[in-house]
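Please examine the sequence and the three-dimensional structure shown below.

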Amino acid sequence: MSDALLELEIDATDGAARTGRVHTPRGSFETPVFMPVGTRGTVRAISSLDLEALGAEIVLGNTYHLMLRPGADVVDDLGGLHDFMAWSGHVLTDSGGFQIYSLEPDVSDEGAIFRSTYDGSTHHLTPEAAVEVQRQLGADIQMVLDVCPALPATPEVLRTAVDRTATWARRGRAAFLAGREAGRTPAQRSQVQFGIVQGGTDATLRIESAQRTVEVGFDGYAVGGLSVGETRDEMLPALDVTTAQLPADLPRYLMGVGDPLGFVEGIARGVDMFDCVLATRLARHGTILTSGGRLNLRNATHARSRAPLDEACSCEVCGRWSRGYLRHLLMVQEPTAPRLLTLHNVHWCLDLMRRAREAIRGGRFDALRGEVAEVWSA
Ligand SMILES: [Zn+2]
């Protein structure tokens with residue numbers, strides 16, 4: 001290891017797809033990786049105990065929610081997110097920007113002013129404030145504050161977003177590096193920070209944004225601003241041109257893309273990290289990810305079924321309970337239903353990543369990609 005706080009060790013490649021481990025002062029996690037989203041300090045309906053049992057190695061925390069409730073200073077007082085959640089795996093926090101843009105904030109060159117959805121209070125998020133809040137939260141990986149427009153967007157909106165994202169990247173990186181040594185805890189002093197590329201589906205803007213972000217020099221790079229209203233046919237070329245600009249020896253993170261087809265198409269383009277609320281949100285509504293595609297557990301045909309959610313799944317839920325029983329819990333709104341269905345869906349996503357890593361090591365990734373496409377393209 002060099003003196004960098006984060007290193008990507010690549011074990012095998014298959015085309016542009018790669019598998020390996022990301023090393024940090026906390027330890028390491030395998031890539032490609034799925035990061036379940038722990039919005040408010042937990043993955044909804046399950047706990048860090050469950051995440052450990054599922055074999056998750058890294059979870060995502062949402063800065064927007066945590067800075068408002070319980071407040072980043074409270075999390076800091078309680079030892080940072082790892083101690084707060086009693087979670088010894090890795091944690092990545094987003095910058096808070098993505099949630100804020102859905103609130104139609106007042107955005108200027110300086111930052112974004114928004115109203116809390118909890119109590120209507122006014123908050124000002126700048127690139128520097130996003131760094132400080134995430135330092136208090138104490139995750140292993142911070143994300144820089146960017147400007148993420150919903151698509152479709154006008155060329156003017158995309159241009160402004162790319163320019164502000166570049167300026168904020170410089171300010172955010174400077175604040176991060178200046179403040180890291182002053183961190184109160186060892187965890188705060190060993191944080192790393194990822195930059196974010198914007199540019200919508202415009203290839204020229206994507207390339208420019210990637211180059212301007214890489215120029216600043218981060219510990220890893222994220223592709224933001226995709227899966228925000230565009231079709232997959234529009235998304236993939238934008239992803240192609242972006243990943244081509246990013247350093248091959250650092251992690252690449254595709255933000256907010258977490259459907260099975262999105263996973264394999266991202267991995268095929270050299271993406272290492274994914275997060276998405278899809279698997280957990282679907283679970284709570286009774287939509288199950290299976291080897292045969294989506295299964296709607298509310299459907300009456302499952303009422304008398306003794307079959308597991310997915311015959312091919314090795315999770316504890318599939319090993320123990322029938323569709324008929326789980327459907328019953330869901331229909332009478334037992335709190336156990338979202339919990340068990342979330343356990344299955346998260347396991348399913350983690351398992352798809354395990355299969356992808358094995359396939360890359362075995363030089364069989366295209367076969368897995370084809371298999372997933374056949375089931376999930378419809
Ligand atoms: Zn299962």
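The model is predicted.

**The antiparallel sheet**

Strands of a sheet pair through backbone hydrogen bonds, either parallel or antiparallel. In this model, three strands make up an open sheet with the order 1-2-3, and their pairing is antiparallel. Strand 1 (7-14) and strand 3 (27-31) are the edge strands, each of which pairs on one side only. On average, and with direction ignored, neighbouring strands of this sheet are turned by 15 degrees against each other. Strand 1 is joined to strand 2 (residues 17-24) by seven bridges. Ile10, for example, has Gly20 in strand 2 as its bridge partner.

**Parallel pairing around strand 7**

Parallel pairing also occurs in the model. Strand 6 pairs with strand 7 in the parallel sense over four bridges, and Leu60 stands opposite Leu92 in strand 7. Strand 7 also pairs in the parallel sense with strand 11 (residues 141-143), here over two bridges. Within this second pairing, Thr93 stands opposite Gln142 in strand 11.

In a regular strand the side chains alternate between the two faces of the sheet. Are the faces of strand 7 (residues 90-93) covered or uncovered? Both are covered: His90 and Leu92 on one side are buried, as are Val91 and Thr93 on the other.

**The zinc site**

Which residues coordinate the zinc ion? The donors are Cys313 (SG), Cys315 (SG), Cys318 (SG) and His344 (ND1), at 2.1 to 2.3 Å. The angles among the four donor atoms are 100 to 117 degrees, and the site is tetrahedral. For comparison, ideal angles at a metal are 109.5 degrees for four tetrahedral donors. Along the sequence, the donor residues follow the spacing C-x1-C-x2-C-x25-H. Cys318 lies in helix 13 (residues 316-320) and His344 in helix 15 (residues 336-361), so this pair ties together parts that are 26 residues apart in sequence. Both Cys318 and His344 are buried.

**Pocket and cavity**

| Space | Volume | Element giving the most to the lining |
|---|---|---|
| Largest pocket | about 790 Å³ | Helix 12, four residues |
| Largest cavity | about 30 Å³ | Strand 6, three residues |

The lining of the largest pocket consists of 37 residues, and Asn62, Phe98, Gln99, Asp275 and Val277 lie nearest its centre. Helix 2 (63-68), helix 5 (97-101) and helix 12 (278-284) each contribute at least two residues to the lining of this pocket.

How many cavities of 30 Å³ or more are counted? The count is one. The residues lining the largest cavity are Gly38, Gly41, Val59, Leu60, Gly61, Leu66, Leu81, Met85 and Val91. Strand 6 (58-61) and helix 4 (80-85) each supply at least two residues of this lining.

**A buried glycine in a loop**

Gly258 is found in the loop between strand 14 (252-254) and helix 11 (260-268). Is Gly258 buried or exposed? Its relative accessible area is 4%. Buried means under 20% relative accessible area, and Gly258 is therefore buried. Gly258 and Leu8 are 250 residues apart in sequence, and their C-alpha atoms are 22 Å apart in space.

Conventions:
Residues numbered from 1 in each chain as written. Predicted model: local features only at pLDDT ≥ 70, side-chain atom pairs only at ≥ 80, totals over all residues. Heavy atoms only, no water. Pairing = 2+ DSSP bridges. Axes fitted to C-alpha atoms, helices over the stretch in contact; angles between N-to-C directions. Donors = N, O, S within 2.8 Å, 3.2 Å for Na, K, Ca; no water. Tetrahedral: all angles 85-135°; square planar, octahedral: opposite > 155°, others 65-115°. Buried < 20%, exposed > 50% of the residue type's maximum accessible area, 1.4 Å probe, protein only. 1 Å grid on protein atoms, 1.4 Å probe; cavity = no way out; pocket = protein on both sides within 12 Å on 5 of 7 lines; lining within 4 Å. Points joined across faces, edges and corners; volume = space filled by probe spheres on them.
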